[in-house]
Amino acid sequence: MDRVVLRLMVALTVLCGTAPAMAQSTRPAVMIVNSKDATPRELYGVSRIRTAVAHLHGRVAPGSKIIVGIRSSEIFASSAPLGEFSPRESEAFHLLRSGNNWLVVGSDSSGVLYGSLELARRIEAAHALPANINVVDKPAFKIRGTCLLWMKYGNGFYNWPVTPTNFPWFYDRKLMLKYLDELAENRYNAIVFWNAHPFPYFLTLSKYPEARMFNDAELQRNMDQLKWFTEEADRRGIWTVVHFYNIHVSPAFAKAHAHEGVKVENTTPTPLLETYTRYCISEFVKSYPNVGVMITAGEALQVQQEEF
């Protein structure tokens, strides 16, 4: 009986002795404070800082705090006097240390994002909070983008259906997140998808059912994927834009209206083509209000070179 009691006491001693250590290992090394109404873009930046400071235990002074937010946020009310951003300064940020506080001050949510990424980069490089920092930065170019093609060389160069078979990379969410992270780290703020006529691949187009290229399940898959992508891009300060050619229509629409002279690539506008194109654009804007639309005068148009 005594041996049983002794073993039980040893077990309780071991458990009680290790519990505080386990609790301490999960305690953050640095307190991070953000605005209570922080946007998804700001929260993404905060998450990158949190990752950077996760392994700084024992290398920071007690009470160290990182305060992250837009210049007008109430979280800076008790901070040292801060400079103001001019009304024209968008995506700008100010990083500075004030005592045991490290401040990430943005002119807007994108500024907070870029300031957070910059601070995270410096922490990861030095394996410590920067001892002295007072950095102000803003972009020189308003739009900094890259392009991805929903097109290929070969037959139907412009007119490729957006499917997992044709463009598997677009449906690989792990890959897309990695790519978006890389764009954000390099401070890109736009991405443009090129396709001759993308609308039937992402819209129901109930007014023109003959234009549909997918069944219900395929169309829903694409709509879900585009919405997911644009939300993830927006979290990283990246504006998604869809580019299309004029005057192109879906192969299904061209086939249905072939007796009216409609082709996939059309040289001149007609009342039908004008109405259809306007409808596609309006439906796209309604369905994806945060996605840009860019039109290009396709080579099929019978116009002089100087008119492009």
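Visitor: Is Arg121 buried, exposed or partly exposed?

Guide: Please note first that this is a predicted model, in which local features need pLDDT of at least 70 and side-chain atom pairs count only at pLDDT 80 or more, while totals for chains, interfaces and linings use all residues. Residues are numbered from 1 along each chain as its sequence is written, and side-chain values use heavy atoms, with hydrogens and water left out. As to the terms, buried means under 20% relative accessible area, exposed over 50%, and partly exposed in between, with a 1.4 Å probe and protein chains only. Arg121 has a relative accessibility of 46%, so it counts as partly exposed.

Visitor: With which residue does Arg121 form a salt bridge?

Guide: A salt bridge is a side-chain nitrogen of Lys or Arg within 4 Å of a carboxyl oxygen of Asp or Glu. Arg121 is paired in this way with Glu118, and their closest N and O atoms are 2.6 Å apart. Both residues lie in helix H3, three residues apart, about one turn of the helix. Helices (H or I, at least four residues) and strands (E, at least two) are DSSP runs, numbered from the N terminus. Glu118 is buried, because its relative accessible area is 9%.

Visitor: Which parts of the chain are linked by the salt bridge between Arg187 and Glu118?

Guide: The side chains of Arg187 and Glu118 meet at 2.9 Å, N to O. This pair links distant parts of the chain, 69 residues apart: Arg187 is in the loop between helix H5 (173-185) and strand S7 (190-194), and Glu118 is in helix H3. Arg187 counts as partly exposed because its relative accessibility is 23%. Glu118, Arg121, Arg122, Asp137 and Arg187 are linked in a network of salt bridges.

Visitor: How many salt bridges does a search of the whole structure find?

Guide: The search finds 14. One of the pairs is Arg235 with Glu232, whose closest N and O atoms are 2.9 Å apart. They are three residues apart in helix H6, and therefore separated by about one helical turn. Arg235 is partly exposed, at 28% relative accessible area, whereas Glu232 is buried, at 15%.

Visitor: Which residues does Ser110 touch?

Guide: Contact means heavy atoms within 4.5 Å. Leaving aside residues up to four places away in sequence, Ser110 touches Arg41, Glu91 and Gly237. Ser110 is found in helix H3 (residues 109-126). With a relative accessible area of 6%, Ser110 is buried.

Visitor: What is the volume of the largest pocket?

Guide: Rolling a probe the size of a water molecule over the atoms shows where empty space is left. On a 1 Å grid over the protein atoms alone, a cavity is a set of points where a 1.4 Å probe fits but cannot get out, and a pocket is an open set with protein on both sides within 12 Å along at least five of seven lines; lining residues have an atom within 4 Å of a point. Grid points are joined across faces, edges and corners, and a volume is the space filled by probe spheres set on the points. The largest pocket has about 250 Å³. Of its 15 lining residues, the closest to the centre are Thr230, Glu231, Asp234, Asn290 and Val291. Helix H6 gives the most to this lining, with four residues.

Visitor: Which helix gives the most to the lining of the second largest pocket?

Guide: That is helix H8 (residues 271-287), with four residues. The second largest pocket holds about 160 Å³ of space, and its lining includes Asn246, Pro269 and Leu301.
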